[in-house]
Structures are given as structure tokens and as C-alpha cells.
Amino acid sequence: MIIILASVLFIGLVSTQIIWVKKAYAITHEQMTHEIELALINVVQDIQTHSGDSTFLVDPVNMISPHFYRVQINEELEPFYLESMLKTELQNRELNYEFRYSIYNCFNDSVVFSKHVLLGDSGLAQSESEPPPVNWENDGHYFSVFFPSLNYEVIGQMKFWVISSIVLIAVLIFFAYVINIILRQKKLSEIKTDFINNMTHELKTPISTIALSSDVLLSNSIQEQPERFRKYAAIIKSENQRLQNQVERVLQVARLEKNELSLEKSTIDIHELIEVAAPTIAMSFEEQTPEIDLNLNAANSEIVADETHITNVIFNLLDNALKYGGNPAKVTISSVNSNNGIELSFTDNGKGIPKEHLSDIFEKFYRIPTGNIHNVKGFGLGLHYVKSLVESHGGKVTVKSKQGKGSTFCIWLPYGMEIAK
């Protein structure tokens with residue numbers, strides 16, 4: 001609703017401003033052209049007065065275009081005399097614009113003189129624009145005046161509207177920025193709430209299990225049952241390790257954000273890492289009888305990378321594919337050589353990722369909203385960790401997904417300097 005209302009408001013304000021600016025431009029332009037016509041009529045009248053010509057000329061000024069005027073007179077003109085008359089009349093009306101005037105001679109049917117003039121402190125360089133063609137009539141004398149920079153002069157007279165438009169644009173940009181911040185804060189708040197809920201569910205189980213096992217170990221009868229004692233001690237150790245792994249995952253992401261995570265690179269065979277990781281992680285999902293197919297077709301599977309972190313990347317992607325896979329889960333891992341590196345793809349048979357969430361799944365703590373259902377465990381850190389680690393190795397991560405058809409995560413890793421040599 002905020003976006004819709006803001007968009008309607010933006011469009012309304014901008015449209016209103018455009019309409020008013022256009023109207024202001026049209027009015028200002030019309031006033032200027034009217035003043036120019038009056039100035040040219042006065043020039044004709046002054047020329048007739050000085051020459052003693054009492055002939056009445058009907059509409060001597062003809063506007064060929066908004067910038068170009070043809071003026072009829074009854075006698076030949078001296079160029080500098082006409083220029084002086086034009087300058088005086090235009091300056092008296094404060095029309096200090098550059099102009100080009102031309103004099104037409106009806107006896108030889110040609111323009112006999114043309115000159116470009118700068119008035120006052122206009123500060124405008126001589127314009128390269130040319131006047132439009134004019135239809136001279138060979139039964140009289142004419143001169144023409146062309147104002148090449150009239151549009152700029154009109155805009156210069158509209159200082160209030162220019163300033164108000166700039167202010168409006170600045171306000172709209174600021175308003176849009178504020179709305180963007182509000183929406184981002186709302187999103188971060190939702191992610192934070194979801195993260196706290198997930199953390200609560202993730203930590204609650206091992207803590208409860210440790211507490212229950214500790215109560216059993218504190219009972220007097222347990223001392224007479226060594227097998228049972230070892231069993232509950234092993235449970236406590238296992239759950240404690242689980243808690244430690246969860247905390248370490250959060251700390252790893254924190255170190256990544258602060259650029260404190262150092263990479264110890266060496267030459268590794270990524271096919272070997274996958275062949276070890278696949279059966280290991282499958283054991284964690286053995287109740288679901290998952291199927292992991294390996295299509296490792298890359299001819300060169302050696303890269304220069306941090307073995308520990310790349311192993312974690314493979315485990316995270318496999319774990320993600322199995323958790324969100326079908327029932328039973330089926331994952332296909334493929335490898336090919338591509339662009340001086342190796343490309344790995346992890347394809348699952350799950351329900352896919354909605355299109356609106358694809359751009360967010362690599363964000364820290366982000367998980368696809370599922371309401372109060374917490375059937376899939378995690379903090380929303382796995383894919384963020386994968387993306388950060390792959391990019392720190394100079395690689396990239398992409399995802400393709402179609403609802404009901406599953407998802408494919410692809411990572412590309414360069415060979416590295418030692419392999420490239």
C-alpha cells in the first residue's frame with residue numbers, strides 16, 4: 001500500500017509540475033514574441049518617420065516561425081542604420097537577446113547583407129542554428145530578424161519554475177529514499193524476527209535433550225547401569241557438539257562480514273571432496289533414503305582454494321538440496337570445465353523456490369517464509385555463507401528454480417594461479 005500510494009503521489013506531483021511548467025513556458029514565450037513583434041513594428045514606424053514616408057503598412061511584421069520574423073518596408077536600408085534601430089528598440093524593451101538580421105533587395109532578388117549581433121551581457125556564444133527558408137516577395141523591400149537562442153532566453157525567464165522543479169525533484173528523491181529505508185527496515189525486522197524464531201527452535205531441542213540427559217545422570221540408579229550411563233553421556237556430547245557447530249556457523253558468517261576470515265589456499269581435487277561429502281551427508285538423512293547421483297565430467301578437477309571452506313560449501317549445498325528435496329530426496333551433482341575454471345551444479349527434486357524469493361535467498365538470515373511451520377531446520381546462513389566463500393575465491397553462484405520442478409544451484413570456481421600456470 002505504501003508503494004502504491006507513493007507511486008500515485010509521485011506521478012500526480014510530477015504530472016502537475018510538468019503541466020504547469022509547460023503552461024508557464026507557453027505564456028512566457030508568447031509574451032516574448034509579442035514584445036519582439038511590437039519592437040519590430042516600432043522599428044518600421046521609426047524608419048518611416050525618419051524618411052518622411054507616410055504610407056500605412058498593414059501588418060508589416062510577419063512571424064515565419066516563433067524565432068524568425070520577416071518585416072516589410074518601402075525603401076532600401078543601410079545595414080548599420082537598421083542594426084542601430086534594432087539594437088535601440090530591443091534594448092529599450094530589455095530584449096537583450098542575440099539575433100541575426102538580413103536585408104533583402106527586391107531589384108536583384110537577393111539578400112544583400114546579413115549579420116549576427118550580440119546584445120548586452122547575454123553571455124551567449126554565437127549560435128550555429130540557421131533561420132528557416134523564407135519566401136521573399138519581389139515587389140517590395142524586406143529585412144528579417146532571427147533569434148536563435150529564444151528558447152534558452154525563455155527558460156532563463158522561468159527561474160521560479162526551474163528552481164521549484166529542482167526542489168520538487170529533490171523532495172521526491174528524498175521521499176523515495178525514505179520509503180526505501182522504511183521498506184528495508186521492515187524487511188530486516190521480519191528477517192530478524194524469523195532468525196530469532198529459528199534460533200529458538202534450533203537451540204531448544206539440544207538444550208532440552210542435554211537437560212534431560214543430565215537429570216538422568218544425576219539419578220542414583222544410573223551408577224549401577226554403566227551402559228545407560230555411557231549412552232546418556234554420549235547424547236550430551238553429541239548435542240553439545242551440535243550446539244557448538246551452530247554457534248560456529250554464526251561466528252563464521254560474522255567473520256566473513258568483517259573480512260576477518262583468512263583463506264589457506266592449496267591445490268585440491270574438488271571431485272575427491274564431493275565423493276567424500278556425498279556419502280557422509282547422506283548418512284544424516286538415511287531415514288529418508290536419499291539418492292545422490294554424481295555426474296562428475298570435468299576433465300580438470302583441480303583448483304587452488306581453501307579445502308576446509310570449499311568442503312563446507314559442498315556440504316551446505318548438499319544439505320540444502322536434501323532438506324528441501326522431494327520424498328525421497330534425489331540430488332544430482334554435475335561438474336564441467338568452463339571459462340578457465342570448474343562449474344558445479346546441485347540439482348534437487350524439491351518443490352522449487354517462488355520467483356519472488358530468488359533474489360533474497362542469499363541474504364544473511366533470510367529464509368523463505370513458512371508461517372509457524374518449522375519443519376526445516378536452519379538459521380538462514382547456509383546460502384549466504386556459500387555465496388560469500390565462493391566470491392572470496394573469485395567465483396560466482398547462480399540459481400535456477402521452477403516451482404514443482406526443483407532447483408539447481410551452480411557455482412563456478414577458477415582454477416587459480418598455480419593451476420593456470
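## Close-up views of a predicted model

**View 1. An aromatic cluster.** Y69, F80, F99, Y101, F113 and F147 form one aromatic cluster. The model shown here, as in every view below, is predicted.

**View 2. F99 and Y101, a tilted pair.** The aromatic pairs number 10 by the rule used. One of them joins F99 to Y101. Their ring centres are 6.3 Å apart. F99 is buried. Y101 is buried too.

**View 3. Y104 and Y142, a pair between strands.** Here the ring centres of Y104 and Y142 lie 6.2 Å apart. The angle between the planes is 55°, so this pair is tilted. Y104 sits in strand β3, residues 99–105. Y142 sits in strand β5, residues 141–146. The pair therefore ties together parts that are 38 residues apart in sequence. Y104 and Y142 are both buried.

**View 4. A negative surface patch.** Four glutamates make up this patch: E272, E275, E302 and E307. Look for E275 in helix α6, which covers residues 270–284. Is E275 buried or partly exposed? E275 is partly exposed, because its relative accessible area is 46%, and partly exposed residues fall between the 20% limit for buried and the 50% limit for exposed.

Technical notes
Residues numbered from 1 in each chain as written. Predicted model: local features only at pLDDT ≥ 70, side-chain atom pairs only at ≥ 80, totals over all residues. Heavy atoms only, no water. Patch = residues over 30% accessible without salt bridge, like charges linked within 9 Å, V, L, I, M, F, W, Y side chains within 5 Å. Areas by Shrake-Rupley, 256 points an atom, 1.4 Å probe, with all protein chains shown as cover. Salt bridge = Lys/Arg side-chain N within 4 Å of Asp/Glu carboxyl O. Lys, Arg positive; Asp, Glu negative; His and termini not counted. Charge placed at Lys NZ, Arg CZ, Asp CG, Glu CD. Helix = DSSP H or I, 4+ residues; strand = E, 2+ residues; numbered from the N terminus. Buried < 20%, exposed > 50% of the residue type's maximum accessible area, 1.4 Å probe, protein only. Phe/Tyr/Trp six-rings, centres within 6.5 Å; stacked < 30°, edge-to-face > 60°.
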